[in-house]
Amino acid sequence: MHGELTFWILFNGLVLLLLILDLGLFHRRPHEVGFREALLSSLMWVGLAGAFAVFVYFWRGRVPTLEFAAGYLVEESLSVDNLFVFLLIFRYFRVPSIYQHKVLFWGILGALVMRGAFILVGVALIRQFHWIIYVFGAFLVYTGLQLLRPEEQEIQPEHNPILRAVRRFLPVTPDYVNGNFFVRDPGLFATPLLLVLVVVETTDILFATDSIPAVLAISRDPFVVYTSNVFAILGLRSLYFALAGMIEVFHHLHYGLAVILSFIGVKMLISGYYQIPTGVALGVVVAVLATSVGASLLLPKKAAK
């Protein structure tokens, strides 16, 4: 128990240190994140996740390592699809590129807190009410089937109740005011950047409703679920800037995600009768992702006439 507590303290301390270095050192001055910088940063985060998987192998053994890898891949693949929504949000609010990293930084910091709370609640529910597994499983299958529908993604921030509440109680400046969230002029004003952050945060809560149950289907160990989520989320900003100009290339990815979510949902539904080995689940996730990405590259989307 003492060793587990020490790990949680050290792990979260390391995450906090990485975030401080990211904002306080590497992005102290707002600037447009280029493709090369984003790619190197993405590779760094993937490398850190890989190094952590090696650590898990020597500390916890083979099965937790496979569960971590599968959870990380599922969360990362779902994040790629969600990046398109972030792109739409930035376009809708016309956020200057030099301020986008700041929004994603604080958005991801909030996401870490919310995801941690969701994981604790999800694990507690499963332990207390075993039947909730079947509810999660059915929800994932339903979500997967919904992804098969060829709908154009669109955002409607004006329908966001939290955003409307912020606008009601705080006056908003007409421009971004050097990337600040608040300014005094002479009273307290919010800037449009705060509105963007609110939309990003509330959107991530919706994302968590399918990603957290998906990882819980792979493992019910809070250690595995939390750490795989953290590493996937930490690399999300770099991944966004690396893929921002080519997200629409992966137009078949949602079919792969539909298959993955449905497969994981079925895994949960039959868990009382048959346990699909973690290695098999990881292989299915990798194969489906590779197939959907390959199909997107080999069969490019036809330009609208």
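This report describes the cavities, a pocket and the aromatic contacts of a predicted model.

## Basis of the description

The model is predicted, and local features need pLDDT of at least 70, side-chain atom pairs count only at pLDDT 80 or more, and totals for chains, interfaces and linings use all residues. Residues are numbered from 1 along each chain as its sequence is written, and side-chain values use heavy atoms, with hydrogens and water left out.

## Enclosed cavities

The structure holds 4 cavities of 30 Å³ or more. A cavity is a set of points, on a 1 Å grid over the protein atoms alone, where a 1.4 Å probe fits but cannot get out; lining residues have an atom within 4 Å of a point. A volume is the space filled by probe spheres set on the points, with grid points joined across faces, edges and corners.

The largest cavity has a volume of about 70 Å³. Its lining consists of Glu75, Ser79, Asn82, Phe86, Ala111, Arg115, Asp204, Phe207, Ile233 and Leu236. Two or more of these residues come from each of helix H3 (62–93), helix H4 (97–128) and helix H7 (192–218); helices are DSSP runs (H or I, at least four residues), numbered from the N terminus. H3 provides the largest share, 4 residues. By class, 5 lining residues are nonpolar, 2 polar and 3 charged. Here Ala, Val, Leu, Ile, Met, Phe, Trp, Tyr, Cys and Pro count as nonpolar, Asp, Glu, Lys and Arg as charged, and the others, Gly among them, as polar.

The second largest cavity holds about 50 Å³ of space. Phe86, Leu104, Gly107, Ile108, Ala111, Val200, Asp204 and Leu236 line this cavity. H4 gives the most to the lining, with 4 residues, and the classes are 6 nonpolar, 1 polar and 1 charged.

## The second largest pocket

About 380 Å³ of space lies in the second largest pocket, a pocket being an open set with protein on both sides within 12 Å along at least five of seven lines. Its lining has 17 residues, and Val46, Glu76, Val80, Leu239 and Leu243 lie nearest its centre. H2, H3, helix H9 (236–243) and helix H11 (278–298) each give two or more residues. H3 contributes the most, with 5 residues. The lining divides into 14 nonpolar, 2 polar and 1 charged residues.

## Aromatic pairs and cluster

The structure holds 21 aromatic pairs. Rings of Phe, Tyr and Trp (its six-membered ring) pair if their centres lie within 6.5 Å; planes under 30 degrees apart count as stacked, over 60 as edge-to-face and the rest as tilted. Tryptophan 8 and tyrosine 226 form a tilted pair, 5.5 Å centre to centre with 55° between the planes. This pair links distant parts of the chain, 218 residues apart: tryptophan 8 is in helix H1 (residues 2–26) and tyrosine 226 in helix H8 (residues 222–234). Tryptophan 8 counts as partly exposed because its relative accessibility is 25%, whereas tyrosine 226, at 15%, counts as buried. Buried means under 20% relative accessible area, exposed over 50%, and partly exposed in between (1.4 Å probe, protein chains only).

Phenylalanine 55 and tryptophan 59 form another tilted pair, 5.5 Å centre to centre with 35° between the planes. Both lie in helix H2 (residues 35–60), 4 residues apart, about one turn of the helix. Phe7, Trp8, Phe11, Phe52, Phe55, Trp59, Phe68, Tyr72, Phe223, Tyr226 and Phe231 form one aromatic cluster.
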